[in-house]
Amino acid sequence: MNLTQPQTWVITLLVPAVSGIFVTFYPTTGIAQDAAQVLEEVIVTAQRRETLLQDTPVAVTAFNQQKIAELGIFDITDIDSLAPNTNIRKQPSSNSNMSIFIRGVGSGETALLVDPKVSFYIDGVYMSKTVGAVFDIVDMESIEVLRGPQGTLFGRNSTGGAINVTTVKPSGEAGVKLEASAGNDGYQRYQASVDLPKMLDMLSVKISGMHMEYDGWAKNNYSGTFPSEADLGSEDNDSYRIALRFEPSDNFTIDYAYDKTDNEGVPAPFQIVEVKNTLYNGFTTTPFPFQFLGGQLFQEMASTIGNPEDRQDNFVLDAVTTEKLEVEGHALTLEWKLDAFTLKYIFADRDTDSTYGSTDLDAGAYVVRDAFYGGGQPVPTPGFHAGIPEGWIEMKTHELQLFGSLFNEKLSYTLGYYSYEEEVYQDNPQTFSLPLAFLLSTPQAQQTLAPAYVQLGFCNIPPGVCTGTQRLPLPFPQPGNDPNGNGFVDFISGQDSESRAIYGQATLSLTENLEVTAGIRYTEDERDGFLFNETLGHLSIANALPQSDDWDNTSYLFNVNYYLNDDINIYGTYSTGYNAGGFNARAASLSSWQTQVDEETIEAMELGMKAEWLDNRLRTNIAVFRNKYDDIQIAQFEAGSGGASTVLRNAGEATFQGVELDLIAILTEGLILDVTYGYLDAEFDEYLALNPGTNLEENLASITTMPRAPEHTLNVGLQYDFLPFSFGAMTVRLDANYLDEMVFHPFQNQYDSAEERWLLNARLSLNDIRLGERGTLRISAWGKNLADEEYREWGIDFASLGFAGVVYGKPRTYGVDVVYSF
């Protein structure tokens, strides 16, 4: 494997650092004194069966139930940057839509026609969309972050990685766990779990529920007639789960789970950081003074900016409504253990409804002159507003697995069949304003529209130049075409998807120290979609444009794992993966809809070492990887009279390579250090885009930056467990989390990129307080972002709409958790 110079530098840095831990914290006398204190073994399911983390030749970071409690994790976004080269965050204009990037690969697209590049599983059940995926998972037992392509063992193929969540199963023993939390900004959380005694000597039941409230961290001071929400970033969530375990015999188990989530919230505010003076399309920069040619709308927008590096907490937004999420799921798992093999069947049926009336992505409430909505008079005018009055996902999956061992357990194998059916529907109307200079740039517009603007005085100074903006779409029937008469471009899209796959993987122990693994997967994907956009000439939904296509792929994996001794093993992996193609749900032009997105493929190589040192007091897991992508799917912004949105394109080729470290060490009795570090070098080898000057595709790789691919990620945690007191035991934990600078678009990133940031979190817990004969109490005081760092979570450059903005992360939060169990 060819290493770049930065990677060599990182390895040179890491080796002395690990060696320094040996020398500094492990003198011989210390080892002798604390020999009884060792790291606990970690069990993972990264290979679809329970294995020890150190025996699993996969780059995986695992959080067990204790770690989840120590870090205060309640949903998947809480592990953002805690695993190497992993960032997870909510998407702009949403509290419930999640975007996951692993090793620089992921998707930020919220259209339901698009699949994520990182798979998300709960108890082996694939969550088909990350839209609506931010919900509290009650009773989490473990979280595993698998980095690199997944396919030969998991239900859905993915090129970026997978996140695997396992929940606590019914125990069959009577027990109750009650939790309560309170914090600043009105934060409250209440959770209860009840384990019932086993009934009929075969049925175990567990019932869990959660309620959470948060008043948000920013205020909307709008006082107009539109019902715009005041508490920005607020949430009000309810969820519950019922789990049943039926064990009619010692070798046959039936697990059934039903979960329901009702989530209401207001997204964090979108903050304008730049009103442009130029336009950049990746090829040329064109002077365009939006504050002059766009007129009053952009002048008012610019007045809201202040210092673009400061997080604002007061806004005047005229189009913010509550987002509503309803998630309902059934999961059934049958497991039959026989002497030679185990047969498992997993069925899931999940429905998701995610809607909101309006979101405000222009950071203000503007009143400006408009020719066709106001007759030339000032009227409320949006820079960019959108909504989803209806959006839903209906998904069913079936998975059959057969796994076992042969030849005195020298050969272990897994065989599987997977089928997936999904139907989605999304209504995503949007309205926005364009400068008249853009709107009147065609001969047809000059002939049909320009006379009206001249008559209303938009084109007088200087002569022949029209200044100001026009809200789009133009009102129906003349001169535009908006049959719904609502002043919005009505993007309505839907899709029926089917996927079928067969896969298998086997591991053969050639010697006591050497084992080889080979895997293969064949996948077929079929999709039938439609798009309704009245600006493309549609008169009704019956005229929606259809699209259909199918893709197939064969993916491979080959792995060699060698044990140097009982504590150290090294492995090498070659694997391939793919994401199916698709269609652009918010195509602003006919060509964008007709241009399908081809499948994305990856070739990945990984070299790793898993080791335990100093009598199991130090664990270091290191991976070096190189991923090569072809036809990589990249989001590109597109704006015009047919709408303004992000569309997917097959940009070309890219290479992602880097180094990852998971380290945990017992420094002295009671003091534990854990470190996760990721280095990522991500570059486009080819980035094809259409040059509007030549109308030819040209390669922009030399001037592009990979989105959402920070060069360094780091989390350093220190935890000290005091010697027990007579009334309990105290634990103190500090975490410092670093994320390097990153961009959100390959080349339109001059204004909305995110600078590097450090976040400091702390937790002080008093554990094992005895209450009664069986009861125990834990009280924890915690704080997140203690330094109140002002950092950007996301950025959007709206290109020819003339402005760029960002969403900032939460300010300092703090509170108290109380957990009582018996």
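Reader: Is Glu524 buried, partly exposed or exposed?

Author: Glu524 is partly exposed, at a relative accessible area of 30%. Buried means under 20% relative accessible area and exposed over 50%, with partly exposed in between (1.4 Å probe, protein chains only). This is a predicted model, in which local features need pLDDT of at least 70 and side-chain atom pairs count only at pLDDT 80 or more, while totals for chains, interfaces and linings use all residues. Residues are numbered from 1 along each chain as its sequence is written, and side-chain values use heavy atoms, with hydrogens and water left out.

Reader: Where does Glu524 lie, and what does it touch?

Author: Glu524 is in strand E31, residues 514-532. Helices (H or I, at least four residues) and strands (E, at least two) are DSSP runs, numbered from the N terminus. Not counting residues up to four places away in sequence, Glu524 touches Glu498, Ser499, Arg500, Trp551 and Asp552. Contact means heavy atoms within 4.5 Å.

Reader: Which side chain makes a polar contact with the side chain of Glu524?

Author: That of Tyr522, at 2.9 Å. A polar contact is a pair of N or O atoms within 3.5 Å; within protein, one must be able to donate a hydrogen and the other to accept it, and residues adjacent in sequence count only if both atoms are side-chain atoms.

Reader: What about Ser497, buried or exposed?

Author: Ser497 counts as buried, because its relative accessibility is 4%. Ser497 is found in strand E30. Its side chain and that of Gln495 are joined by a polar contact of 3.2 Å. Leaving aside neighbours within four places in sequence, Ser497 is in contact with Tyr420, Glu421, Glu422, Glu526 and Arg527.

Reader: Switching to Ser433. What does its side chain reach?

Author: The side chain of Ser433 reaches the backbone oxygen of Pro382, at 2.6 Å. Ser433 sits in strand E28, residues 411-435, and is buried, with a relative accessible area of 1%. Beyond its neighbours within four places in sequence, its contacts include Leu297, Thr381, Gly383, Arg471 and Leu801.

Reader: And Asn579, which polar contacts does its side chain make?

Author: One goes to the backbone oxygen of Pro116, at 3.3 Å. Another, of 2.6 Å, joins the side chains of Asn579 and Thr159. Asn579 is in strand E33, residues 568-579, and is buried at a relative accessible area of 6%. Residues up to four places away in sequence aside, Asn579 touches residues including Lys117, Asn157, Glu599 and Gln633.

Reader: What is the phi of Leu614, and of Asn785?

Author: Leu614 has a positive phi of about 55° although it is not a glycine. For Asn785, also not a glycine, phi is positive and near 50°.

Reader: Where are those two?

Author: Leu614 lies in the loop between strand E34 (600-613) and strand E35 (618-640). Asn785 lies in the loop between strand E42 (775-784) and strand E43 (792-797). Leu614 counts as partly exposed, because its relative accessibility is 26%; Asn785 is buried, at 4% relative accessible area.

Reader: Overall picture now. How many helices and strands does the protein have?

Author: Nine helices and 45 strands. Of the 822 residues, 57% count as buried.

Reader: What is the radius of gyration?

Author: The protein has 28 Å, which agrees with the value near 28 Å that a compact globule of 822 residues would have. The radius is taken over C-alpha atoms, and the globule rule is 2.2 Å times the number of residues to the power 0.38. Along its principal axes the C-alpha trace spans about 90 × 60 × 55 Å.

Reader: How much of the contact set comes from residues 24 or more positions apart?

Author: Such residues account for 71% of the contacts with a separation of 6 or more.
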